[in-house]
Amino acid sequence: MSDLVIVESPAKAKTIQKYLGSGYEVIASMGHIRDLPKSKMGVDKEHDFQPQYTDMKGKEDVIKELKKRAKKCDKIYLATDPDREGEAISWHIAQMLKLDMNENNRVAFNEITKTGVTNGMNDPHKIDIDLVNAQQARRILDRLVGYELSPFLWKKVKRGLSAGRVQSVAVRLVVDRENEIRKFVPKEYWSIDATFTAPSSRRVFDAALVAVDGEKLEIPNQTDADNILKRLENAEYFVKSVKKRVTKKQPSPPFITSTLQQEASKKLSFAAKRTMKAAQELYEGVDVEGVGAVGLITYMRTDSLRISDEAKAAAAQYIETVYGKEYLPPEPRTFKSKSNAQDAHEAIRPSTPDLTPERVKSSLSSDQYRLYKLIWERFIASQMANALLDTVSADIEANGCTFRASGYSVKFDGFMKLYVETSDTDEGSKKMLPELKVDDKLKLKSIAGNQHFTQPPARFTEASLIKALEENGIGRPSTYAPTITTITSRRYVEHEGKALKPTNLGEVITDLMKDHFNKIVDAKFTADMENNLDEVENGSKDWVSTLHEFYDDFSETLKKAEEAMDGKRVKVPDEETDEICELCGKNMVIKYSKYGKFYACPGFPDCRNTKKIVVEADGKCPRCGKRMLLKKSKKGRSFYGCEGYPDCSFMTWNVPTKEECPQCGKNLFTKGGKSGKLVCENEGCGYERELKK
């Protein structure tokens, strides 16, 4: 007989089985096996919110197999993910199998490597009931809000709507930002920009006016700009001061969940859900050629920046071997986590730094490879020496007007040899100034006043919304991606390019919630609730009293809202378009079906005209010359097809452009994103070239 180890997924089971060997049998529960019932509340509010768990539909065979295997083994180990959700899955399995709750049968793996699995199996412990209660409290909270608030929305807005604690706050953030943009009034301002030639090298450089008569200035209109330009007519320009210094630039810390999702969005254009899917696969284990099944990264749901001493040592050895000792900092780096971080896990890092991205590339899918490369490079760079930058700032004087020019060059690249964070790339646009000396007379090549307008705040992207949720203490590492998926799938928020824009439905729901359930959509209240759940997790707060504190007030608020809205109903305005109904002449509106958006006539039921929404892309079909249209596959992936389908069946995953092929004159297509190439898809042509960096 062998010991039984229960995990969530088959991939994880396969990897762990490799390390444990023949004395163990590793099987997967396929996630949760029990939950609150879908058909009813499933929470006894009269008896301290006792949950009424039931076996999940579709899991009958899994449960039967778990019970069968459990009867044949000597000992059972519960090895689900090391977080609240994983602890709850282990607890449910233990309840189902009638295991002793005082037995040390819970094991956790921060990384699924031989070392990680061995350490985990050598340190079994009891199921952490505080962790379980924190998960139960969150699940019950969400059930109470969903099952009591959703019917209110059905009656007052329309059927099929749902409400949730964290998702409602996320939608409010997007709606509030949209309102800021609408209210924004652009303010005119001017800049005066000049181009000079250096006397020693004849090199040209740019400078901008920063002060007049020693006072920092704002130029509100063209008249003021013209007056300054008139003052500078025939003026002589000389270098008043030159400041040179060496600045140190430190590397960014390794990823936590939120920063991984943000950087993957910026650098890889990954949605949060896509990022977490690839990260889960990398954690659970991949068959690497020449190595076998191995978990390539540590646990990916974490807000801790802690790094083990072993990982630091492995990174240092790699850096010294590949880049040289000068690329190591004086001592290994440590990074401070935020005050409310859960320190159970390390930061996200490669479990085996020696497994470089190039070494494992052939064994990974495209998404897995790109994300692993991002995680690996960020971690190794975090343990490298500072970059040293030579910065120069020169003030140029003319008739009481001060211009400033600045630039930098890399003196020592340090960590920048391997990795540069997205926000740092802007520095690359700064140019190094030519050699300048105090009192150098400069030749003015050009000067002009340029009109500008202040810009409204940008709409949220997935990356910036995750950052806002984290900064406001809303949700936790495991909730960011599901929250965004929920608010977009329920059509409260939609993507417009990379930006997130509230729908009319999202705005109506948010306004209604602000009027009657302000606490639910209040960021501070939601953050305080997250802190309460954290206190339940660390054993300093009772989960039942936490639920009472929330529900007693919520129940009264719901009752008052029902009374205030008695007999009232809120209409969601249709989104009118410029598309004209050819049957009755009305402006068509946008409607939704399970297949997505479509145009519909607002004259329904008298006029039942509908149309597909066609998104035209750049370029023409290389086969027949008709328009190229943006389309969606059944799995939701974007592709481009000819509008002449089915007569012309041309389609491509590559992005059409307006640029014409120099060989055949057909439009070129972009392959492989920003770092890819331009290709001609005209059969028999074969032209291609690298994109300019």
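**Before selecting anything**

This is a predicted model, in which local features need pLDDT of at least 70, side-chain atom pairs count only at pLDDT 80 or more, and totals for chains, interfaces and linings use all residues. Residues are numbered from 1 along each chain as its sequence is written, and side-chain values use heavy atoms, with hydrogens and water left out.

**Whole protein**

Show the C-alpha trace: along its principal axes it spans about 95 × 75 × 60 Å. Colour by secondary structure to find 17 helices and 30 strands; these are DSSP runs numbered from the N terminus, helices being H or I of at least four residues and strands E of at least two. Of the 693 residues, 48% count as buried, where buried means under 20% relative accessible area, exposed over 50%, and partly exposed in between (1.4 Å probe, protein chains only).

Switch to a surface. The accessible surface comes to about 35600 Å², and carbon and sulfur atoms hold 48% of that area; areas come from the Shrake-Rupley method with a 1.4 Å probe, and for residues only the protein chains shown count as cover. Among contacts with a separation of 6 or more, 66% are between residues 24 or more positions apart, a contact being heavy atoms within 4.5 Å.

**Valine 242**

Select valine 242, in strand 11 (residues 237–249). Its relative accessible area is 24%, so it is partly exposed. For a distance across the model, pick the C-alpha atoms of valine 242 and leucine 629, which are separated by 55 Å and lie 387 residues apart along the chain.

**Serine 29**

Is serine 29 buried or exposed? It is buried, at a relative accessible area of 0%. Beyond its neighbours within four places in sequence, serine 29 is in contact with Ile6, Val7, Glu8, Lys59, Val62, Leu66, Ile89 and Ile93. A polar atom of the serine 29 side chain lies 2.8 Å from the backbone oxygen of glycine 31.

**Salt bridges**

The structure holds 44 salt bridges, each a side-chain nitrogen of Lys or Arg within 4 Å of a carboxyl oxygen of Asp or Glu.

- Select glutamate 494 and lysine 597: their closest N and O atoms are 3.0 Å apart. Glutamate 494 is in strand 17 (residues 493–496) and lysine 597 in strand 21 (residues 596–600), so the pair ties together parts that are 103 residues apart in sequence. Glutamate 494 is buried at 12% relative accessibility, while lysine 597 is partly exposed at 37%.
- Select aspartate 574 and lysine 591, whose side chains meet at 3.1 Å, N to O. Aspartate 574 is in the loop between helix 17 (543–564) and strand 19 (575–580) and lysine 591 in strand 20 (residues 587–593), so this pair joins parts that are 17 residues apart in sequence. Aspartate 574 is partly exposed, at 37%, and lysine 591 is partly exposed as well, at 32%.
- Finish with Glu8, Lys12, Asp81 and Arg301, which salt bridges with shared partners join into one network.

Key. A polar contact is a pair of N or O atoms within 3.5 Å; within protein, one must be able to donate a hydrogen and the other to accept it, and residues adjacent in sequence count only if both atoms are side-chain atoms.
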